[in-house]
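Please look over the sequence and the structure shown below, and then read the short report that follows.

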Amino acid sequence: MDKAPEAFRTISEVADELEVPKHVLRFWEAKFTQLKPMKRGGGRRYYRPEDVALLRGIRFLLYHDGYTIRGVQKILREQGPRFVMDHRRMAEEDEQDEAMSAPHEIPDIAAEAAQGGATTLAREFAQDRAKLDPQRLGTVLEEIEACYRVLALAKDKA
């Protein structure tokens with residue numbers, strides 16, 4: 001059964017909701033003094049809805065907008081927690097508005113082909129293919145294979 005929106009949440013529930021490990025939430029509590037979940041007996045944390053909203057905003061600034069911890073601290077200091085909570089929501093609304101207002105043009109391939117576009121496209125493709133340097137492609141392939149080996153070794157050690 002889902003909790004009511006105004007219900008307090010445990011650290012596990014918040015970590016699952018925000019898709020971050022619990023230790024990250026504890027770290028953020030140490031770095032952002034504005035985060036103050038209630039602590040009950042045994043140090044068990046209970047996050048208020050405003051704590052969760054602030055955590056969402058912090059996560060958005062760090063992971064989506066690319067801010068550093070210091071950058072988010074500065075924003076919290078200068079703009080306040082309400083700005084961080086609202087920033088994420090407003091940014092997501094802006095992205096939705098842009099996506100809905102952007103024209104979605106689908107090329108009419110049949111019409112282009114009928115007008116001779118197909119031969120132009122085929123000619124351009126042939127010209128691009130002629131520019132490919134086999135030696136350079138071999139070097140790129142070797143680099144990709146080396147990366148693959150490094151990843152395989154890292155996976156084996158993990």
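## Helices H2 and H3

The axes of helix H2 (residues 22–31) and helix H3 (residues 49–64) cross at roughly 95° and come within 12 Å, which makes H2 roughly perpendicular to H3, a word used for angles of 65 to 115 degrees. On the H2 side the contact (heavy atoms within 4.5 Å) is made by Val 24, Leu 25 and Trp 28, and on the H3 side by Leu 55, Ile 58, Arg 59, Leu 62 and Tyr 63. By class, this contact has seven nonpolar residues, one charged residue and no polar ones.

## Basis of the model

This is a predicted model, in which local features need pLDDT of at least 70 and side-chain atom pairs count only at pLDDT 80 or more, while totals for chains, interfaces and linings use all residues. Residues are numbered from 1 along each chain as its sequence is written, and side-chain values use heavy atoms, with hydrogens and water left out.

## Glu 29

Glu 29, which lies in helix H2, is buried with a relative accessible area of 12%, where buried means under 20% and exposed over 50%, with a 1.4 Å probe and protein chains only. Its side chain is joined to that of Arg 45 by a polar contact of 2.9 Å, that is, a pair of N or O atoms within 3.5 Å, one able to donate a hydrogen and the other to accept it.

## Helix H4

In helix H4 (residues 69–79) the buried residues are Gly 71, Val 72, Ile 75 and Leu 76; they cover an arc of only 135° around the axis, which puts them on the same side of H4. The face turned away from that buried side carries the exposed residues Arg 70, Arg 77 and Glu 78.

Notes:
Helices (H or I, at least four residues) and strands (E, at least two) are DSSP runs, numbered from the N terminus. The arc is that of the directions from the helix axis to the C-beta atoms. Axes are lines fitted to C-alpha atoms, for helices over the stretch in contact, and angles run from 0 to 180 degrees between N-to-C directions. Angles under 35 degrees count as roughly parallel, over 145 as roughly antiparallel, 65 to 115 as roughly perpendicular and the rest as oblique. Ala, Val, Leu, Ile, Met, Phe, Trp, Tyr, Cys and Pro count as nonpolar, Asp, Glu, Lys and Arg as charged, and the others, Gly among them, as polar.
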